[in-house]
Amino acid sequence: MELPEKRRRSDSLGTLQSDENTALLGSRGSSRPVLEDDNLPIKNAFFVENLEYSREEENQVLRIIDRRLMPCILITTFVLNMDRTNNSNAISDNLPFDLGFDINVVNTATAMHSIFFAIACLTGSIIAKIVGPHRWIPTLMFSWGIVTLAHALITDKSGYLTVIAITEGGVIPTTLVYLGGFYKSTELATRLAWFWGVQHVASAVSGLMASGLLKLRGLGGLEGWKWLFLVDGVITVVVALGTWFYLPRDLTRTKGGLRGRKPWLTLRQTQIAITRVIRDDISKKSYEKTVQWSDIKDTLTDVGILGHLIITMIGQTPNTPMHTYLPTVIKSFNFNVSVANALTAPPYLLQGISMVIVIHHSDKVRERGYHGAFGAGWQLAGWIFLRSLPDSAGRGLKYFAAVIVASWPSTHPLNIAWMSENTGSIGKRTVASGLVIGASNIYGVWGSQIYRADDAPHFKRGNLINIGFAGIAFLLWFLQKNIYQYRNVRNLAKIQSFSEEDIAREEDLRISKGNKSPLFEFTT
């Protein structure tokens, strides 16, 4: 409970607009933000070290952020995955035949896209720290919207290999950096589950849209898949323009543009929003800090981060053939093009639901490794089921097996959240965000070669390879958990040997050392 004089002061300040309270922040009293030095520029001016607030006040702030910020973020990722899914929908509409090549060329294009996408991921989060995520996200969206529209100009193999949406690569790591400034580590995994869950909804909607738009083949002299890219391109450009005028730089600058004339939070709510995030992770006290070369070195030598990158590249590899050819595989079960694309919707929706449920439970019980192993095990069982079916199996049973495989609770957002909360510093987290999203796309280089033309249409050899990747990923989740448990035990042993002076010294160095500090506790 707050003291009466504290409550009166906070309430009076809370009636004012947070964007216009810079002068008030310099006033004396218990709500005065803690500054590093009164003679230096203000840093974290809304962080109040001794601020007291109730659980209900914090929940109210969280609800406002969820209500005002997350819908826009979810729209951006919806559009992103709608555009990315359209390639598989277009392939089912005979795009390779129209342009004069087979699926091996599609695989080459997928590999090229993975390389360029990964490169864009590595730079995206770093650039975002310079120009601001609220500006970089809509800029990238507008760019890939133009690239999507340009697909309508493709006429041959060279055009297909050239017009690849490399502009999409930076948006996800940029979003990860952005959301880290609004949410605590105990809240981020669930929000990332929403983020990737909406992507699966987008894939489902894209399949339903494709089932209708592909029927426009011949209208205006264009193939159906070109109409698909044109419609999606227009949607992307419009959403990008709206996002430019909506996303706030941070919670202290939320009025203006499409956000409205009033800020989202009162001054007191802004102080709560900033303070709670910094208390959860002290490194966020310097959230505006840009990346240094030392951050890159520390990231590349952190065994925990390397483990997350390997889990990503191994565990996500089967996604490439599944996402690229799911409509085509369903079509091979003796469904027509329109029905095959429509039938991709149920597994995508089920995957989004299962993923959110598993990750929300992981957040609730504060456990990561076993939950990740559960998702990887589901995927492994699905591939085994699909691979074991005889060629003579009925199309209903084959489709059921495809649904089981495609609806596994994706562990990708859980892996990212787990990595993020264990990095220990803003610079390392920024670099790691780019690396993990890059890793989640670079696997397309080898993943794109799993389904080959000589293995079609049942892809027996390819599905056996998928079983191998899924099995290794299942084991890696247990290994990663054991690594973090070992590091916690090692840190505890060091602390027990410290004197009070040693502990005080480590407290002073805690921010600079990050997860190298023996005081750092890894989430397992």
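The conversation below takes up a few such words in turn.

Analyst: Please keep in mind that this is a predicted model, in which local features need pLDDT of at least 70 and side-chain atom pairs count only at pLDDT 80 or more, while totals for chains, interfaces and linings use all residues. Residues are numbered from 1 along each chain as its sequence is written, and side-chain values use heavy atoms, with hydrogens and water left out.

User: How many helices and strands does the protein have?

Analyst: The protein has 24 helices and zero strands, where a helix is a DSSP run of H or I with at least four residues, a strand is a run of E with at least two, and numbering starts from the N terminus.

User: What are α9 and α19 to each other, roughly parallel or roughly antiparallel?

Analyst: The axes of α9 (residues 185–213) and α19 (residues 412–421) cross at roughly 155° and come within 9 Å. Angles under 35 degrees count as roughly parallel, over 145 as roughly antiparallel, 65 to 115 as roughly perpendicular and the rest as oblique, and therefore α9 and α19 are roughly antiparallel. The axes are lines fitted to C-alpha atoms, for helices over the stretch in contact, and the angles run from 0 to 180 degrees between N-to-C directions.

User: Which residues of α9 and α19 make the contact?

Analyst: Contact means heavy atoms within 4.5 Å, and among the residues that make it are Leu 188, Leu 192 and Trp 196 of α9 together with Pro 413, Ile 416 and Glu 421 of α19. By class, this contact of α9 with α19 has eight nonpolar, three polar and one charged residues, where Ala, Val, Leu, Ile, Met, Phe, Trp, Tyr, Cys and Pro count as nonpolar, Asp, Glu, Lys and Arg as charged, and the others, Gly among them, as polar.

User: What makes α2 roughly parallel to α9?

Analyst: Helix α2 (residues 55–68) packs against α9 at an angle of about 25°, with the axes 13 Å apart, and this angle is why α2 counts as roughly parallel to α9. The contact is made by Glu 58, Leu 62 and Asp 66 of α2 and by Glu 187, Arg 191 and Trp 194 of α9, which by class gives two nonpolar, no polar and four charged residues.

User: Why is Gln 449 called partly exposed?

Analyst: Buried means under 20% relative accessible area and exposed means over 50%, with partly exposed in between (1.4 Å probe, protein chains only), so Gln 449, at 32% relative accessibility, counts as partly exposed. Gln 449 has its place in the loop between α21 and α22, and, leaving aside residues up to four places away in sequence, Gln 449 touches Asn 107, Thr 108 and Ala 111. Gln 449 and Thr 108 are 341 residues apart in sequence, yet their C-alpha atoms are 8.0 Å apart in space.

User: What share of the protein's residues is buried?

Analyst: Buried residues make up 56% of the 524 residues in the protein.

User: Which residues does a cis peptide bond join?

Analyst: A cis peptide bond, with omega about 0°, joins Ala 456 and Pro 457, and Pro 457 lies in the loop between α21 (444–447) and α22 (460–496).
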